[in-house]
Amino acid sequence: MTVHVLPVKTYLLVFLALMVLTAITVGAAFLDLGALNTVIMLGIAGTKATLVVLYFMHVRYGSRLIPAVILSGLFWLAILFGIFFDYLNRGWLGVEGR
């Protein structure tokens, strides 16, 4: 198994990016953008999570199996969300006796 060692500069740049994204999150929390606030916050959180997974968990330099496992997990998560939202959007059936 090959071990990939990242230079300290890479860790510092990722840390700086995470701090900038955190500052943007705090700044966006004070803006009233309505429903767009949730989309912005989730986008920033997803970006920060991606940076952590890629660099601090060394997924970027791992074998090709790791991205396949991650993508399959996201695929199944999308299926579960689809089932959940399908259930929420169905109308209630008018069953007698209730």
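Predicted model: local features only at pLDDT ≥ 70, side-chain atom pairs only at ≥ 80, totals over all residues.

Reader: What makes Tyr11 and Phe56 an aromatic pair, and is it stacked or edge-to-face?

Author: Rings of Phe, Tyr and Trp (its six-membered ring) pair if their centres lie within 6.5 Å; planes under 30 degrees apart are stacked, over 60 edge-to-face, the rest tilted. Tyr11 and Phe56 lie 5.7 Å centre to centre with 10° between the planes, a stacked pair.

Reader: Why is the pair of Phe75 and Trp76 called edge-to-face?

Author: The ring centres of Phe75 and Trp76 are 5.6 Å apart and the planes stand at 70°, so the pair is edge-to-face.

Reader: Why does Trp76 count as exposed?

Author: Buried means under 20% relative accessible area, exposed over 50%, and partly exposed in between (1.4 Å probe, protein chains only). Trp76 has 53%, so Trp76 is exposed. Tyr11, at 25%, is partly exposed.

Reader: How do you know that the buried residues of α2 line one face?

Author: Helices (H or I, at least four residues) are DSSP runs, numbered from the N terminus. In α2, Asn37, Ile44, Leu51 and Tyr55 are buried. Seen down the axis, the buried residues of α2 fall within an arc of 70°, so they line one face; the arc is that of the directions from the helix axis to the C-beta atoms.

Notes: Residues numbered from 1 in each chain as written. Heavy atoms only, no water. Helix = DSSP H or I, 4+ residues; strand = E, 2+ residues; numbered from the N terminus.
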